[in-house]
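Subject: Model handover and notes

Hello,

Here is the model for your files. Please open it next to this message and read the two together.

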Amino acid sequence: MSLRPLGERVLHAPQMLRALVRADEIWLAILSTAVGVLSGVGVVIINGITQIMHERLFALPSGQGLSESLHVAPLRAFLVPVLGGTVLGVSMWALARLRPRNLVDPVEANALYGGRVSLNDSLIVAAQTAWSNGVGASVGMEAGYAQLGAGIASRLGRSFRLRRNDLRVLVGCGTAAAIGGAFNAPLCGAFYGIELIIGIYSIATLPFVVIAALAGTLTVQIISGGTPPLLVTLPADVPNAAYAAVLVEGIACGLAGIAVMRGVTAIEGLFRRSGIPLWARPVLGGAVTGLLGCISPKTLSSGHSALHADINIAYPFLVVLGILLIKSVASAFSIGSGFRGGLFFASLFLGALFGKVFAGVLTVLPFVTPMPSGFYAVVGMSALAVAIVGGPMTMTFLALESTQNFGVTMAVLAASIVSAITVRRLFGYSFATWRFHLRGEQIRSAVDVGWIQSLTVGRMMRRATAMVHDGMTLMVFRAEVPLGSTQRVIVTDADSAYAGIAYPAEAFAITGEGRSVRDILHHQEHFLLPAMTVKEALATFEAAEADALAVLDGPDTRNVLGLLTEQYALRRYNEELDRRRREMSGE
C-alpha cells in the first residue's frame with residue numbers, strides 16, 4: 001500500500017552509502033545515532049520556543065514554568081489562550097484549504113505506510129503543538145516531540161532507501177530519542193518507541209532504538225541540562241500489604257482514563273454538531289481554558305512544571321480534587337476544540353493529582369497500610385498515563401528514571417498492568433488508536449498492518465473458468481459438468497449477472513425431471529469485492545459459512561471477475577504474517 005502523496009522531494013544519499021546502510025547493521029546504528037542527535041536538538045528548540053512564549057505572553061520570571069506559577073494576571077490568563085486560539089484556528093482553516101488531508105502521525109505511519117512520514121507535515125505539527133502549548137492550552141508537548149523525531153527519521157531513512165521494516169524501526173528511533181530527551185529518561189524513551197511506535201518487542205530492533213534514545217537524551221543534557229528528577233518523598237521499600245491499595249488505584253486510574261478519553265470525544269462531537277466554524281473552535285476552547293486558568297494557573301499548559309513543583313507538597317484534599325477536576329476539563333476542551341497536542345504530559349500531572357486524591361480517601365479507611373501521599377501520586381501518575389497513552393513498560397521506566405526508587409517502581413508496574421488490562425477489557429483503545437477508530441481507521445497499535453491493506457481479494461483471486469446459466473436443467477448440467485471435474489461452479493442469470501454457486505455433487509444427488517440449477521444455488525447474497533483486504537475476505541467467508549466465494553466487480557452490476565477459496569486466503573495471510581515476523585525478529 002502506498003502512502004498518499006507526501007508533497008516533498010527526498011534527496012537520496014550516494015549509492016555507496018545506501019548500500020552500506022542496507023548491508024551492515026553498524027551503519028544502521030550510526031544512522032540511528034544521527035537521528036537521535038537531531039531529534040534531541042528538535043526537543044531543545046521546541047522547549048526554548050514554548051518557554052520564551054510563556055515568559056513573554058504571561059509575564060513570567062526567566063526560567064519559571066507556566067503551570068507552576070502561583071499567580072498569573074487574570075487578564076493575561078484569559079486573553080492569551082483566546083487570542084492564541086484565534087491565530088491557531090485561522091491557520092488551521094487556511095491549512096485545510098491548502099492541504100485537504102489528515103496529517104499522518106508516527107503510529108499511523110508505522111501501522112499503515114511502512115514508516116513514511118512527511119517532514120513538512122511534521123514541522124507543521126511541531127509548530128502547532130509549540131504554539132498551542134505556548135499560548136497556555138492544556139495540551140501535552142509529546143505530539144510535537146514525537147512527530148518531529150519521526151519526520152526527521154523518515155526523511156533520513158528514505159534518503160538511504162531503507163527497507164520497509166528498517167524504516168519503521170528508524171521512525172521508532174526518532175520518537176524514542178525525542179521522548180527520552182524530553183524526560184531525561186532514555187529507557188522510557190526507548191520503550192515508548194518500541195511499545196507505541198514500532199508496536200512489537202524484538203531483539204533485532206531494540207539496540208537501534210536504545211542507541212537513538214541515549215543519543216537524544218545526551219544531546220538535550222549537553223545543550224540545556226535536561227529535565228531534573230522528581231523530588232518526592234518515597235518509602236525505601238513498599239510493604240506487601242500496600243499492594244492491595246496499589247491494585248485498586250490501578251483499576252481506578254483505568255476507569256479515570258476511559259472517562260478522560262470519552263470526555264475529549266464528547267467535547268469534539270459537541271463542537272462538530274454545534275456548527276461552529278473550524279477556525280472559531282479553538283477560540284472557544286481557549287476561552288474555557290483561560291477562565292479556568294484565572295482560577296488556577298495549574299490548568300494552563302501541559303502541567304509538567306507543576307508536576308515537578310507540587311508532587312511533594314501536601315495540599316488540602318478539596319484543593320487537590322478541585323485542581324484535578326478543572327485540569328481535566330481544561331484538557332478536554334483544549335484538545336476537543338482543536339488545539340494541537342497530546343494527553344501524555346497532561347495525564348502525568350492528572351495522574352499525580354488523582355493519586356493524591358486516592359491517598360486522601362485511604363486516610364479515612366480502616367485497615368489500610370499508611371503510605372506517603374507522594375507514593376500514590378507516583379503510582380497514579382504512571383497508571384493514568386498507561387490508561388490514556390498505553391505502554392506499561394514505558395511508564396514503569398519513566399517512574400524508575402524519575403524517582404530512582406526501585407521499590408516504588410515495582411508497585412508502579414503492578415498498577416500500570418492492572419490499568420492497561422482495565423482499559424483493554426472495558427474500552428479497547430488508547431487515546432491515539434481511539435481517535436483513529438473515530439476516523440474509521442482499524443488501527444489498534446503501531447504493528448505493521450499496511451501489508452494487509454495491499455493483500456487484496458483482487459490480487460489473490462483466480463479467474464473463474466466454470467460458469468453456467470441458472471436456467472440450465474440438472475440433466476444438462478450433469479452432462480456438462482461431470483462428477484469430479486470441479487468442486488463448484490459459478491452460476492449467472494439471464495443478464496450474465498452473478499446468481500450463486502452450485503455444487504456438482506448436489507446435482508447428481510437430486511433426482512426427478514424438470515429440476516434446474518436454480519434449485520441448488522448457494523451464497524446468492526454472499527460474494528467478495530476486489531478491493532477487500534484478506535481480513536475482510538476471511539470475515540466474509542466466516543459469515544457465509546463458505547469455503548469459496550465469487551468475486552464480483554460491484555454489488556449493483558454483479559459481474560463475475562473470479563473465485564477465491566478460504567483455504568488459499570488463509571494460506572496467503574499466514575505466509576505474509578510469518579514473513580513479517582521473521583523480518584521483525586531478524587531471522
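Below are the ground rules, then the overall picture, then the helices, strands and loops.

**Ground rules**

This is a predicted model, and local features need pLDDT of at least 70, side-chain atom pairs count only at pLDDT 80 or more, while totals for chains, interfaces and linings use all residues. Residues are numbered from 1 along each chain as its sequence is written, and side-chain values use heavy atoms, with hydrogens and water left out.

**Overall**

The protein has 24 helices and 5 strands. Both are DSSP runs numbered from the N terminus: helices are H or I with at least four residues, strands are E with at least two. Along the principal axes, the C-alpha atoms fill a box of roughly 95 × 65 × 50 Å. The chain holds 587 residues, and 56% of them count as buried. Buried means under 20% relative accessible area, exposed means over 50%, and partly exposed lies in between (1.4 Å probe, protein chains only). Take the contacts with a separation of 6 or more: 75% of them join residues 24 or more positions apart. A contact means heavy atoms within 4.5 Å.

**Helix packing**

Two packed helices are described by the angle between their axes and the distance between the axes. Axes here are lines fitted to C-alpha atoms, for helices over the stretch in contact, and angles run from 0 to 180 degrees between N-to-C directions.

Start with H3 (residues 74–98) and H5. Their axes come within 10 Å and cross at roughly 160 degrees. H3 is therefore roughly antiparallel to H5. The classes are: under 35 degrees roughly parallel, over 145 roughly antiparallel, 65 to 115 roughly perpendicular, the rest oblique. This crossing is left-handed. Left-handed means that the near helix is turned anticlockwise from the far one by less than a right angle; right-handed means clockwise. H3 brings Gly84, Val87, Leu88, Met92 and Leu95, and H5 answers with Ile124, Gln128, Trp131 and Ser132. By class, that contact has 6 nonpolar, 3 polar and no charged residues. Nonpolar covers Ala, Val, Leu, Ile, Met, Phe, Trp, Tyr, Cys and Pro; charged covers Asp, Glu, Lys and Arg; the others, Gly among them, are polar.

H5 spans residues 119–134 and includes Leu123. Leu123 is partly exposed, because its relative accessibility is 45%. Gly341 is 218 residues away from Leu123 along the chain, with 13 Å between their C-alpha atoms.

Now H7 and H14 (residues 344–362). They pack at about 40 degrees, with axes 13 Å apart. That angle makes H7 oblique to H14. The crossing of H7 and H14 is right-handed. Ile179, Ala182 and Phe183 of H7 touch Phe344, Phe345 and Leu348 of H14. The contact of H7 with H14 has 6 nonpolar, no polar and no charged residues.

Which residues does Thr175 contact, leaving aside its neighbours within four places in sequence? They are Pro106, Ala146, Gly149, Ala150, Tyr192, Gly193 and Ile197. Thr175 sits in H7, residues 164–183. With a relative accessible area of 0%, Thr175 is buried.

**Strands**

Strands of a sheet pair through backbone hydrogen bonds, either parallel or antiparallel. Two strands count as paired if DSSP finds at least two bridges between them.

An open sheet of 3 strands runs in the order E1-E2-E3, with mixed pairing. E1 (467–469) and E3 (498–502) are the edge strands, each with a single partner, so one side of each has no neighbour in the sheet. From one strand to the next, the twist averages 35 degrees. E1 and E2 (residues 489–492) run parallel, joined by 3 bridges. Met467 faces Ile490 in E2.

E4 (residues 548–552) pairs with E5 (residues 560–565) over 5 bridges, in the antiparallel sense. Ala550 has Leu563 in E5 as its bridge partner. E4 is mostly covered, with 5 of its 5 residues buried.

**Two loop residues**

Please look at two positive phi values outside glycine. Gln404 has phi near 55 degrees. Gln404 lies in the loop between H16 (392–403) and H17 (406–426). With a relative accessible area of 64%, Gln404 is exposed.

Ser496 has phi near 65 degrees. Ser496 belongs to the loop between E2 and E3. Its relative accessible area is 48%, so Ser496 is partly exposed.

Best wishes
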